[in-house]
Amino acid sequence: MRVLSGIQPSGNLHIGNFFGMMRSMIKWQEKSELFCFIVNLHALTTVTDGTKLAHNTMEAAMDFLALGLDPEKSLFWVQDDVPEHAELTWILSNHTPMGLLERSHSYKDKLAKNMPSNLGLFAYPVLMAADILLYQANLVPVGRDQKQHLEIARDIAGSFNHIYGPTFVLPEPGIDEDMAVIPGLDGQKMSKSYGNAIDIFLTKDELKARVMAIVTDARKVSEVKDPDSCNLFGIYKLFADSDGQAELRERYLKPGLKYAEVKKELVEIIWNYFAPYREKREALAKKPDTVRMIMAEGAVKARKVATITMDMVKERVGLIY
Ligand code: ADP
Ligand code: TRP
């Protein structure tokens, strides 16, 4: 089975990315053919500072490698290093009805946030469909926010297959419902672009500052608290096993709990959780050329697979003459 997913280098990777997608991706390398890539072409839709994009691309690569992605067991590369992603996008755009893209929640959300509308933003799901279909992926592990993009990829594949005969595998979304939406500091979905994230790799002081900024309600210490509507509980439970979660729930349901104390505990828990990866992350940061080489080798392997699909697609649509 082929498992594939990508992540945008549009900012520092955070614990929402980790629990929503990265952790399950890394596990897949043990039991499937894993395709994992950094989607720098997608990030162009929001990042207009070239130095920053290049920097974030390297950072995302180092984060994944430090967290356990093994380039020997999986294919790991940077999207633009395989030009077939952009090439297939153009071919697929001829099989993408405007209405399909006009219904995209993520496009509508971006417009609602006053992002300037342009063709790249509108065509984002077509590039994502190309990413997936190029490698004939069976399963795409993502957070719930990406479900509609997967449906669009399936629709595009279906209409292409209908016209030209079976060409693309129809991909299934792999959404872990327990981890579908990780809340941010303010209770909205944690996102690089909302300024409400706890990054995976922070200094201890930065981590403290972020955790202390988690918004809680105004209930007094003497009052009982509601774990299910509490954002702090929502983040804490990611790091606790079922006993740990039950214990904290009990503390919420009795008078006396201080949010500040829970926050202090949470700082230590997050710090220790990522400790084994932090050392590896620091070592990689000292060897950027090694990281570049790993990504370049990954792109060579990915391109071999991409070329098989592209040759078939070009033949079917008549680009080979
Ligand atoms: P961001 O919103 O921070 O820019 P991306 O859109 O790059 O994140 O998402 C990368 C992956 O991480 C996707 O699979 C996405 O579904 C997942 N993801 C991002 N934020 C969350 C979250 N808060 N909860 C669960 N999954 C998330
Ligand atoms: N749109 C995805 C996100 O923001 C990133 C992405 C691009 C992706 N191409 C992909 C995810 C292909 C899975 C498969 O999270």
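The model is predicted, with local features needing pLDDT of at least 70 and side-chain atom pairs counting only at pLDDT 80 or more, while totals for chains, interfaces and linings use all residues. Residues are numbered from 1 along each chain as its sequence is written, chains are lettered from A and ligands numbered from 1 in the order in which they are written, and side-chain values use heavy atoms, with hydrogens and water left out.

Staying with ligand 1, an N or O atom in the side chain of D145 is 2.5 Å from an oxygen atom of the ligand, and for a polar side-chain atom of K192 the distance to an oxygen atom of ligand 1 is 2.6 Å. On its own, ligand 1 exposes 530 Å², of which the protein buries 94%; such accessible areas come from the Shrake-Rupley method with a 1.4 Å probe, and for residues only the protein chains shown count as cover. In total, 19 residues surround ligand 1, and H14, G143, D145, I182 and K192 are the closest; a residue is counted here if one of its heavy atoms lies within 4 Å of the molecule.

Ligand 2 has 14 residues around it, with Q8, Y124, M128, D131 and Q146 coming nearest. Polar side-chain atoms of Y124 and of D131 each lie 2.6 Å from a nitrogen atom of ligand 2. Q8 instead places a polar side-chain atom 3.1 Å from an oxygen atom of ligand 2. Taken alone, this ligand exposes 370 Å², and the protein buries 91% of that.

Turning to the domains, the assignment gives domain 1 (2-182 + 287-317) and domain 2 (204-273), with bounds from an automatic or database domain assignment. Their C-alpha centres lie 34 Å apart. At the interface, 6 residues of domain 1 are in contact (heavy atoms within 4.5 Å) with 4 residues of domain 2. The two domains bury about 430 Å² between them, 83% of it on carbon and sulfur atoms; buried area is the accessible area (1.4 Å probe) that two parts lose on being put together, summed over both. Within domain 1, I15, F19 and I182 lose the most area to domain 2, together 72% of what that side buries.

Methods:
Polar contact = N/O pair within 3.5 Å; in protein donor to acceptor, adjacent residues only side chain to side chain.
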